[in-house]
Amino acid sequence: MLSLWLNVLASGILLGLVYGLVALGLTIIFGVMRVVNFAHGEMVVFGVYIGYWAVRLCNVPIIVAAAIAAVLMFFFGYLLEASIVKRFVNRPHHYQFIVFIGLSLLFSGVLLVAFGPDPRPTASELSFSTVSLGFVTLDLARLQAAITAGLLIALLGVYLRFSSFGRALRAAADNRLGGLVVGLNIPRVYAVTFGIGAACAGVAGALISPLFDAQPYLAVDFTLLAFVTVIVGGLGSFSGALLGGLVIGVAEAIAALMFTPSLKTALPYALLIIILIFRPRGFFGAKEI
Amino acid sequence: MLDGALLSIDGLSVAYDGSIALNGVSLQIRKGELICVVGANGAGKTSLIRSISGIVRSSSGVVKMNGANITGLPSWEICERGIAQVAEGRQIFGSLSVEENLLLGGSLKRAKAHQLETLEFVYQLFDRLRERRRQLAGTLSGGEQQMLAIGRAIMSKPEIVMFDEPSIGLSPALTDVMFGVVESLHKQGITVLLVEQNVAKSLALSDRGYVLENGSIVLHGSSHELLNNSEIQRAYLGM
Ligand SMILES: Nc1ncnc2c1ncn2[C@@H]1O[C@H](COP(=O)(O)OP(=O)(O)O)[C@@H](O)[C@H]1O
Ligand SMILES: [Mg+2]
């Protein structure tokens with residue numbers, strides 16, 4: 001019994017790290033640009049498909065697929081911002097809302113046309129391997145995804161804290177007008193920020209491609225999941241995104257164990273409502289990227 | 001027109017959604033001068049500074065720096081030309097450390113190579129900032145934040161600094177300190193455009209002054225003349 005619980009907890013934490021990476025992408029974009037990327041889930045799914053095709057066509061390890069997803073999705077996000085999103089950054093929220101919902105529908109439609117509605121499993125050897133550590137048995141794909149996501153989160157944190165671009169990004173998030181006053185190229189900071197956010201989503205997608213079948217409809221789930229995660233942690237907070245990811249990952253795992261797997265997706269939302277009642281701005285609710 | 005003006009502005013206008021905030025303003029500043037633009041709340045002072053610096057788009061008019069037309073350039077390119085500002089409301093980065101704020105001011109291409117020397121210069125000027133360099137800028141007092149905004153402007157190695165009401169919200173004692181800082185920067189060779197509501201103190205400090213009312217320059221001349229102008233004495237100096 002104990003070992004069952006430990007296993008569930010461990011697998012929840014592992015997936016939670018990946019959720020944290022997804023949420024981090026959303027929260028960085030929001031923290032800097034004050035826009036909410038409703039197409040975030042689609043970007044995760046792009047990553048899942050990149051993982052699927054990279055493994056399928058080139059038989060590369062998932063880590064390599066994740067690197068490919070990072071590069072492709074960074075440029076995708078950068079170009080999307082520089083061509084479309086930037087025209088709406090200073091518009092009222094309901095305009096932005098429509099634009100991102102539109103993009104989300106467009107991306108889902110493109111995936112559907114390109115790959116059809118059927119799930120495509122990225123079955124690699126990894127999907128079925130496990131490692132045993134005393135009480136807990138972890139599946140290797142999950143472990144690898146979690147370690148990679150955790151490392152990337154740490155790297156991104158260090159980069160934002162210590163690099164000069166990170167300083168510019170935090171300055172732009174803190175005070176856009178102040179950024180213009182000191183001569184920051186704000187449009188470029190925004191485009192790179194959006195690229196980083198999209199890359200987080202894409203990498204997370206590629207990392208979980210051995211766990212989730214590639215399927216266009218996954219996107220809605222991931223958008224919602226990213227939202228819950230970010231709100232639980234506090235919108236715009238770096239550490240909040242990570243904590244939110246872990247909470248949601250564990251909550252999902254426990255729900256599946258204690259009740260029924262079909263409650264797995266419902267529990268995080270129940271948790272969200274409870275947390276928002278007691279902590280209206282999430283755990284870290286502030287803008288501290 | 002002044003010959004060899006460092007910054008020359010001709011017929012500059014700004015409108016927000018059709019309502020005119022700045023209406024054909026012309027002024028010139030020579031290298032090394034300290035001039036002031038005085039005007040009441042809503043006269044268009046901030047619009048003037050923001051349109052010079054490219055943060056707000058002008059609807060017409062020409063801005064030249066060192067003879068080169070810089071009208072319509074993006075704000076970061078205008079900063080690269082050596083035009084810095086101490087903005088209204090300070091606009092510091094409250095969640096970043098004092099030193100990070102300063103380094104951001106010094107991250108322009110024109111200033112980057114000398115970043116550490118300039119930082120040392122700013123710390124010598126404002127000892128308080130050195131003491132608090134690891135502190136978050138948002139935890140500084142109002143006066144210290146104003147020092148930080150000035151230090152941040154200096155970090156860009158500017159040829160001209162535009163001050164937008166640096167004394168606002170400060171106690172009378174701190175106001176005097178602030179004007180003292182502006183004066184000492186000027187003495188060190190920095191050209192200053194000072195925008196203020198505090199007419200008496202600004203004119204006392206400056207070489208020349210312009211009076212801005214409802215978006216237009218209604219009067220300009222040497223500060224001495226303006227201080228002795230009966231209309232100004234009545235409207236702005238309460239005499
Ligand atoms: N962002 C804005 N949108 C609309 N009107 C503005 C804006 N900023 C300033 N104004 C208007 O323009 C006029 C000049 O404002 P401003 O330049 O801020 O004057 P000052 O700095 O002298 O107080 C005022 O009537 C003000 O209400
Ligand atoms: Mg003003």
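**Ground rules**

I number residues from 1 along each chain as its sequence is written, and chains are lettered from A and ligands numbered from 1 in the order in which they are written. As this is a predicted model, local features need pLDDT of at least 70 and side-chain atom pairs count only at pLDDT 80 or more, while totals for chains, interfaces and linings use all residues; side-chain values use heavy atoms, with hydrogens and water left out.

**Entry 1: chain B overall**

I started with the secondary structure, and chain B comes to eleven helices and ten strands. Helices (H or I, at least four residues) and strands (E, at least two) are DSSP runs, numbered from the N terminus.

Along the principal axes, the C-alpha atoms of chain B fill a box of roughly 50 × 40 × 35 Å.

Of the 239 residues of chain B, 54% count as buried. Buried is under 20% relative accessible area, exposed is over 50%, and partly exposed is in between (1.4 Å probe, protein chains only). The accessible surface of chain B comes to about 10,000 Å², and 49% of it belongs to carbon and sulfur atoms. Areas come from the Shrake-Rupley method with a 1.4 Å probe; for residues, only the protein chains shown count as cover.

I also checked contacts (heavy atoms within 4.5 Å). Among those in chain B between residues at least 6 apart in sequence, 67% join residues at least 24 apart.

**Entry 2: ligand 1**

Which residues surround ligand 1? I noted Tyr16(B), Ala21(B), Ala40(B), Asn41(B), Gly42(B), Ala43(B), Gly44(B), Lys45(B), Thr46(B) and Ser47(B). A residue gets in if one of its heavy atoms lies within 4 Å. Helix α1 (residues 45-52) of chain B gives the largest share of this shell, three residues.

By class, I have four nonpolar, five polar and one charged residues around ligand 1. Ala, Val, Leu, Ile, Met, Phe, Trp, Tyr, Cys and Pro count as nonpolar, Asp, Glu, Lys and Arg as charged, and the others, Gly among them, as polar.

Then I went through distances to oxygen atoms of ligand 1. A side-chain N or O atom of Ser47(B) is 2.5 Å from one such oxygen. For Ala43(B), a polar backbone atom sits 3.2 Å from an oxygen of the ligand. Asn41(B) has a polar side-chain atom 3.3 Å from a ligand oxygen. Taken alone, ligand 1 exposes 560 Å², and the protein buries 58% of that.

**Entry 3: Gln85(B)**

I found Gln85(B) in strand β6 (residues 83-86) of chain B. Is Gln85(B) buried or exposed? It is buried, because its relative accessible area is 8%. A polar contact of 3.2 Å joins the side chains of Gln85(B) and Ser53(B). For that term I use a pair of N or O atoms within 3.5 Å; within protein, one must be able to donate a hydrogen and the other to accept it, and residues adjacent in sequence count only if both atoms are side-chain atoms.

Leaving aside neighbours within four places in sequence, Gln85(B) is in contact with residues including Val181(A), Ile49(B) and Met162(B).

**Entry 4: two positive phi values**

Most residues other than glycine have a negative phi, which is what sent me looking here. Asp17(B) has a positive phi of about 45 degrees although it is not a glycine. Asp17(B) is in the loop between β1 (5-16) and β2 (19-30) of chain B, and is exposed at 87% relative accessible area.

Lys157(B), not a glycine either, has a positive phi of about 50 degrees. I placed Lys157(B) in the loop between α7 (142-154) and β7 (160-164) of chain B; it is partly exposed, at 35%.

Thr175(B) is in helix α8 (residues 172-187) of chain B and is buried, with a relative accessible area of 6%.

Asn198(B) counts as partly exposed, at 24% relative accessibility. The C-alpha atoms of Asn198(B) and Ala40(B) are separated by 9.0 Å, though they are 158 residues apart along the chain.
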